[in-house]
Amino acid sequence: MEHLGSPVRLWIWALAYLVVMLWSHHRGTGIALCEVKRGFNKTVIAKVWVDKEIRIGETDEDFICATLDWWPPNKCDYGTCSWGNASLLNLDLENPLLANAVKAFNPLKIRLGGTLQDKVIYHVGHLKQPCHPFVKNASLMFGFTDGCLPMSRWDALNHLFNKTGAVVAFGLNALNGRKMMSNRVVEGPWDSSNARDFIQYTVDHGYKINAWEFGNELSGSGVGTSISCKQYAADVIQLDKILKEIYKDFQKKPLLVAPDGFFEADWFKEVIRQTGPNVLDVVTHHIYNLGAGVDEHLVEKILDPSYLSREASTFKSLKAILQEYGPWSSAWVGEAGGAYNSGHHLVTNAFIFSFWYLDQLGMASTYNTKSYCRQSLIGGNYGLLNTTTYVPNPDYYSALLWHRLMGKRVLSTISKGTEYLHAYAHCTKNALSTISGIFTEEMDTVLKFSNAKDLKNLIASRRNKRSRLEYHLTAKDGNLHSQTMLLNGKVLDVTPEGEIPSLEPVTVDANKRISVAPLSIAFVSLPDVQLPACSS
């Protein structure tokens, strides 16, 4: 048997959620057989086939993205004020845990924006008004006055981004200069002068911005307010001209990203059509498919694979629109917190939420989504980091494992045997001929490896003794609402020096069955299957 040095990985999810990375030393095809124990004496056999020939999508290298928002400490939902000092304006930029958490991704894409971004003035250039912070005022849109970003704070933020290697996407104020009508629709053109001065300041100071985004949740019927397709498209074209002018001496200008709102097919289609070729580099949409943070059925929805699968229709529709009307554009999820209005404490910041989050990452990837921005890096009840202590919540480690293990090439998969099995496959991160995938299930799970193209040529992977690497994630004391995650039975926690812990696998005899505990997550890796879909 020829050893090709090309890893293979699978990530698996279902009701008792398991993420599995498979590696094999065999050339050609194989079979993934899942033996799922749904009870003490009941076992379900599920098969997963990976097509060795077809690559169905490709993500960016920095697929994992997280957001930083503008909400002040007195942003409250349902009587709970969960944002603390996590705003772009008051976040402790010198906190070593924050820097270490970002650096661990090498790089982490960070989207700066959110609901209040269309009320932010940049204290730069010819701006004559004073620079005031947001002030709570229930009579105003979103419950706050306009706010201001001082350039001293912008300098400090960029110092953090530079030292941590963050990839930055900045959401611009798209409402400046417009008139708010009584029906909550804004009219008139965008006043771009303040944004232009801000972009120019950014370039003059050598700050690297990967993408400039235009407005937040103004698409379709909008949130708080909206803009007509025709006017929005005209303003996007204006922003494109500004970027081309300011970055004219650069080999590559930053991406122009829009609309960063909830998906409405006709509105998205029309904006792409009206902006025309090669203007919109990225088309973004937001996801809060679990409902409000106060919803009593959040846990039930998270543990229901059929409910989570409904979001696939949005990904599918946007992919089709881009293929037909905007093949020059890519798709991002610009903001996704699952449950809107700041999430729900001990649900969206606890172990259980990794089932929703990892399934979203797998699903988005299969529809050629290039980047997925989690709301939030810190702040609210859905932060990857604790708002007060900056200590990572469970989803931080799920995101970090995905980033380090899952490659950008996405492969076609088929799973059969149980409705509780979802499967996703990727080529691995650091090699050409690899596979990665996702599965989860409700009880113990046993896996082999498969390929959909040639089921007759199954390879008996147990003929030769080899080892595999496994990363098993569980909740402390089996409590799904725990904010402490265990990796292979050991608590994941920052070191006394404030460093992110190493994520070490256990080595297992490849001849043994892969067993995954109930309501757990696992990445399992076995070396080298060569697949044509991963070799080019």
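Here is a walk through the salt bridges, the aromatic rings and a surface patch.

Author: Happy to! This is a predicted model, in which local features need pLDDT of at least 70 and side-chain atom pairs count only at pLDDT 80 or more, while totals for chains, interfaces and linings use all residues. Residues are numbered from 1 along each chain as its sequence is written, and side-chain values use heavy atoms, with hydrogens and water left out.

Let us begin with charge. Side chains of opposite charge can pair when their charged atoms come close. A salt bridge here is a side-chain nitrogen of Lys or Arg within 4 Å of a carboxyl oxygen of Asp or Glu. Searching the whole structure turns up 17 salt bridges.

One of them joins Asp62 and Lys109, whose closest N and O atoms are 3.4 Å apart. Asp62 sits in the loop between β3 (43-58) and β4 (64-68), and Lys109 in strand β5 (residues 109-112), so this pair ties together parts that are 47 residues apart in sequence. The strands and helices are DSSP runs, numbered from the N terminus: helices are H or I with at least four residues, strands are E with at least two. Asp62 and Lys109 are both buried. Buried means under 20% relative accessible area, exposed means over 50%, and partly exposed is in between (1.4 Å probe, protein chains only).

Strand β5 also holds Arg111, while Glu335 is in strand β15 (residues 330-336). Arg111 and Glu335 form a salt bridge with the closest N and O atoms 2.6 Å apart, so the pair ties together parts that are 224 residues apart in sequence. Arg111 is buried at a relative accessible area of 0%, and Glu335 is buried too, at 4%.

Lys244 and Asp240 form a salt bridge, with 3.0 Å between the closest N and O atoms. Both lie in helix α4 (residues 229-246), four residues apart, which is about one turn of the helix. Lys244 is partly exposed at 44% relative accessible area, whereas Asp240 is buried at 4%. Salt bridges can also share partners: Arg55, Glu58, Glu61 and Lys408 are joined into one network that way.

On to the rings. Rings of Phe, Tyr and Trp (its six-membered ring) pair if their centres lie within 6.5 Å; planes under 30 degrees apart count as stacked, over 60 as edge-to-face and the rest as tilted. The count by this rule is 25 aromatic pairs. Tyr357 and Tyr372 have ring centres 6.4 Å apart and planes at 55 degrees, so this pair is tilted. Tyr357 belongs to helix α9 (residues 353-366) and Tyr372 to strand β17 (residues 369-374). Tyr357 is buried at 0% relative accessibility, and Tyr372 is buried with a relative accessible area of 0%. Tyr396 and Tyr397, in turn, form an edge-to-face pair, 5.5 Å centre to centre with 85 degrees between the planes.
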